[in-house]
There are 2 protein chains.
Amino acid sequence: MKDLALSKVYQLLEPGPVVLLTTARKGRANVMAMSWQTMVEFTPPLVACVVSNADYSFAALRATKQCVIAIPSLELAPKVVEIGNCSGLDTDKFAKFHLTPRPAECVVAPLVVECFANLECKVVDTRLVNKYNLFILEVVKAWIDPAQKNPKTIHHHGFGRFAVDGEMIQLKSKMP
Amino acid sequence: MKDLALSKVYQLLEPGPVVLLTTARKGRANVMAMSWQTMVEFTPPLVACVVSNADYSFAALRATKQCVIAIPSLELAPKVVEIGNCSGLDTDKFAKFHLTPRPAECVVAPLVVECFANLECKVVDTRLVNKYNLFILEVVKAWIDPAQKNPKTIHHHGFGRFAVDGEMIQLKSKMP
């Protein structure tokens with residue numbers, strides 16, 4: 001894995017991919033599937049995400065205030081769905097789904113080696129957690145796997161139906 | 001345009017499409033391009049979105065607390081980019097880009113007839129506006145254009161590069 005400039009993080013999350021979110025607490029790592037997240041700021045990269053208080057990850061995220069957002073490509077889609085179908089309450093998902101955790105640099109939550117990008121995050125604002133389960137995260141370190149060329153991401157339409165990235169188009173935008 | 005059940009709104013926004021956001025104030029309607037938004041709750045559908053205070057729409061959104069999120073399909077992509085390249089400060093974008101505004105049912109902001117879905121929204125939480133320009137919206141009414149079959153959406157990767165929806169896949173998910 002290679003360093004990714006923090007100023008480029010938005011290019012990974014703005015398109016709306018399904019992602020994985022890892023946490024670690026009391027020596028146990030966990031991973032969940034998530035697609036309710038958005039960029040909030042370019043630099044430093046801030047992200048808003050919803051982690052339901054019904055999710056096992058919620059308590060770890062709130063207590064440790066640290067997580068990793070790992071972005072899987074299409075090849076991992078079947079595993080991503082299975083990760084979403086079970087709970088860390090009674091399952092070691094890294095073991096069950098043969099995912100490789102790697103220690104992160106700035107947070108206790110692990111990176112997911114199989115994902116093409118990994119974003120180490122710290123919770124910086126919890127004002128909307130009680131009412132909406134909405135966390136504001138700052139991405140403090142980002143990794144990209146240069147071996148995964150042009151990864152296609154998946155986009156959830158509900159009930160296991162996903163759009164896969166298709167054609168890439170280029171238009172004359174003044175926007176970053 | 002046809003009613004869409006509010007319980008299905010998340011299926012439109014969760015995949016992360018580029019959208020349009022309309023506002024109206026003092027008899028003037030405006031429209032901007034946006035892709036920093038996420039679902040926050042299924043029912044009633046709540047959405048978090050970032051509208052920069054550098055955007056002309058910001059003042060109207062904050063003052064009226066109403067907007068419409070309109071979802072364009074691929075065919076509108078060139079117009080969406082042009083909408084993002086200019087400001088409502090000095091441009092009547094509905095006129096310039098030949099978009100058809102239609103009165104909404106519950107909000108002062110107009111629907112965009114050319115879009116395949118239109119979501120009438122009211123701002124319900126402004127606690128994160130001052131710090132992050134992040135608004136919490138409630139979708140109070142949703143419309144779908146049944147004449148637009150299987151619309152493909154676009155997903156911004158930065159600097160005018162967009163992924164277009166490709167193949168749809170179905171996996172065995174227990175998630176809504």
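Biologist: By what turn and what shift can chain A be laid on chain B?

Modeller: Bear in mind that this is a predicted model. To compare two copies, we superpose one on the other and read off the rotation and the shift along its axis. Here chain A goes onto chain B by a turn of 180° with a shift of 0.0 Å along the axis, and the RMSD is 0.0 Å. The two copies are therefore related as by a two-fold rotation axis.

Biologist: What share of the contact residues of chain A recur in chain B?

Modeller: The answer is 100%, and the same surface serves both copies.

Biologist: Let's turn to sheets. What is the strand order in the open sheet of four strands?

Modeller: Reading across, the order is S11(A)-S12(A)-S12(B)-S11(B), and the pairing is antiparallel. To find the edges, look for strands that pair on one side only: these are strand S11 (154–156) of chain A and strand S11 (154–156) of chain B. From one strand to the next, the twist averages 45°.

Biologist: How many bridges does S11(B) share with strand S12 of chain B?

Modeller: Three bridges, in the antiparallel sense, link S11(B) with S12(B), which spans residues 161–170. For a landmark in your viewer, find B:Ile154, whose bridge partner in S12(B) is B:Val164.

Biologist: Now strand S2 of chain B, residues 19–25. How many of its seven residues are buried?

Modeller: To judge burial, count the other C-beta atoms within 10 Å of a residue's own; 20 or more makes it buried. In S2(B), six of the seven residues pass that test, so the strand is largely enclosed by the rest of the structure.

Biologist: Which residues stand opposite B:Leu21 in S3(B) and S6(B)?

Modeller: In S3(B) it is B:Met32, and in S6(B) it is B:Ile69. Strand S3 (residues 28–34) of chain B runs antiparallel to S2(B) and is joined to it by seven bridges. Strand S6 (residues 66–71) of chain B is also antiparallel to S2(B), with three bridges.

Biologist: And what lies between S2(B) and S3(B)?

Modeller: Two residues separate these strands, which form a hairpin; in the turn, B:Lys26 has a positive phi of about 50°.

Biologist: Last, a helix. Which residues of H3 in chain A are buried?

Modeller: An α-helix has 3.6 residues a turn, so residues three or four places apart point the same way. In helix H3 (residues 77–85) of chain A, the buried residues are A:Lys79, A:Val80, A:Val81, A:Ile83 and A:Gly84. Among the elements covering them are strand S2 (19–25), strand S3 (28–34) and helix H4 (93–96) of chain A.

Technical notes:
Residues are numbered from 1 along each chain as its sequence is written. Chains are lettered from A and ligands numbered from 1 in the order in which they are written. This is a predicted model: local features need pLDDT of at least 70, side-chain atom pairs count only at pLDDT 80 or more; totals for chains, interfaces and linings use all residues. A residue is buried if 20 or more other C-beta atoms lie within 10 Å of its own, exposed if 12 or fewer, and partly exposed in between; C-beta atoms are placed from the backbone. Two residues are in contact if their C-beta atoms, placed from the backbone, lie within 7 Å. Two strands pair if DSSP finds at least two bridges between them. Axes are lines fitted to C-alpha atoms, for helices over the stretch in contact, and angles run from 0 to 180 degrees between N-to-C directions. Copies are superposed by least squares on the C-alpha atoms of residues with pLDDT of at least 70 in both.
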